[in-house]
Amino acid sequence: MGWKDAFNYLRHGRESEAPAVEDRGLPLAARIGSVVGLQMSPLLRANANGSLLALPAAEDRRILAISQFQLSMAGRLYRYYLAKGDEDDREKFLQLYVDEHGAVKEVLYCTQLLRFIPTTAEDQDAFTGADGAGLGELQFSLWRSQLEESGADGALLASAFGEQEALDFERDVGDPTAGFVPPFSGTETRIDDAAGMQGLKQQLYFMPYARQLGDGSKEYLLVTTEILQSVNGDASKRGIHVDFVVGIPVEQERLVIQ
């Protein structure tokens, strides 16, 4: 997939580039307030084959915020938020991987499963890949009980888990024989208005995992540790959390942004 190439060809000396501060010149000509038209067939197919993805609601059609990731990889990631999740921890977004030449190589439709607050130093180390363990290990398991406690939809869990207590995902980048690969690290800058006056900035640790669905297609689990640095320019607001997000690939031809 797209970010495998990004992993193999790291960018050097470019992390200091300033991210866009307004919603112009973005991939697929997206803007704050743009309306997203998305053919549902890939999402319905995934849902029918045991995906944990929540299907879009009728109101999830307008881009409310746009973020750019500056990560230790070739190319860049963008997220076009259809639901920001600031109030209910239920983000929904399109994630685009754009290579170093500016070409869109991959689009995922993503919904947040849960948000975990790491309260101990051990938990924070695990979800930043400190000491060569935790985030970045080859295998990652999601437990049914973990999602039930978070309030996930019971019917969705029944379809995805069946009689299983855990779903196993495998790291989607790096040497598949390596037990650990350091997670991508960098920052996310999110703008919530066209002028870029409202939004937030976060330090990130990010790793994609994947598993096969019933029809052989892939479902992605994006695990992102986010360390809040500022909100609307206010650097006094701090915090750390880990987001678990499910993503399903969408062909660019099935997506229209107006």
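Before looking anything up, I noted that helices (H or I, at least four residues) and strands (E, at least two) are DSSP runs, numbered from the N terminus. With that in hand I placed glutamate 219 in strand E10, residues 218-231.

**Entry: what kind of model this is**

I am reading a predicted model, in which local features need pLDDT of at least 70 and side-chain atom pairs count only at pLDDT 80 or more, while totals for chains, interfaces and linings use all residues. Residues are numbered from 1 along each chain as its sequence is written, and side-chain values use heavy atoms, with hydrogens and water left out.

**Entry: the whole chain**

I looked up the secondary structure and found five helices and twelve strands in the protein chain. The radius of gyration is 17 Å, close to the 18 Å that the globule rule gives for 258 residues, so the chain is as compact as a globular protein of that length; this radius is taken over C-alpha atoms, and the rule is 2.2 Å times the number of residues to the power 0.38. Along the principal axes, the C-alpha trace spans about 50 × 45 × 35 Å.

I then turned to burial, where buried means under 20% relative accessible area, exposed over 50%, and partly exposed in between (1.4 Å probe, protein chains only). Of the 258 residues in the protein chain, 48% are buried. The chain exposes about 11800 Å², and carbon and sulfur atoms supply 49% of that area; accessible areas come from the Shrake-Rupley method with a 1.4 Å probe, and for residues only the protein chains shown count as cover.

For contacts, meaning heavy atoms within 4.5 Å, I noted that among those between residues at least 6 apart in sequence, 64% join residues at least 24 apart.

Isoleucine 63 itself lies in the loop between helix H2 (41-48) and strand E2 (65-71), and isoleucine 63 is buried, at a relative accessible area of 1%. The C-alpha atoms of isoleucine 63 and threonine 225, which are 162 residues apart along the chain, are separated by 23 Å.

**Entry: proline 56**

Proline 56 is also found in the loop between H2 and E2, and at 22% relative accessibility proline 56 counts as partly exposed. Leaving aside neighbours within four places in sequence, I found proline 56 in contact with Met40, Leu43 and Tyr109. Proline 56 and cysteine 110 are 54 residues apart in sequence and 9.6 Å apart in space, C-alpha to C-alpha.

Is glutamate 219 buried or exposed? Glutamate 219 counts as buried, at 0% relative accessibility. Not counting residues up to four places away in sequence, glutamate 219 touches residues including Ser51, Leu52, Phe169, Arg211 and Val246. From glutamate 219 to valine 250, 31 residues apart in sequence, I read 11 Å in space, C-alpha to C-alpha.

Aspartate 99 is found in the loop between strand E4 (92-98) and E5, and aspartate 99 counts as buried at 13% relative accessibility. With residues up to four places away in sequence not counted, aspartate 99 touches Gly75 and Lys105. The C-alpha atoms of aspartate 99 and phenylalanine 127 are separated by 26 Å, and the two residues are 28 apart along the chain.

**Entry: positive phi**

Most residues other than glycine have a negative phi. Alanine 29 has a positive phi, near 55°; alanine 29 is found in the loop between helix H1 (2-8) and strand E1 (36-38) and is exposed, with a relative accessible area of 59%. Aspartate 131 has a positive phi of about 65° although it is not a glycine; aspartate 131 is found in the loop between helix H3 (121-126) and strand E6 (139-143) and counts as exposed at 75% relative accessibility.
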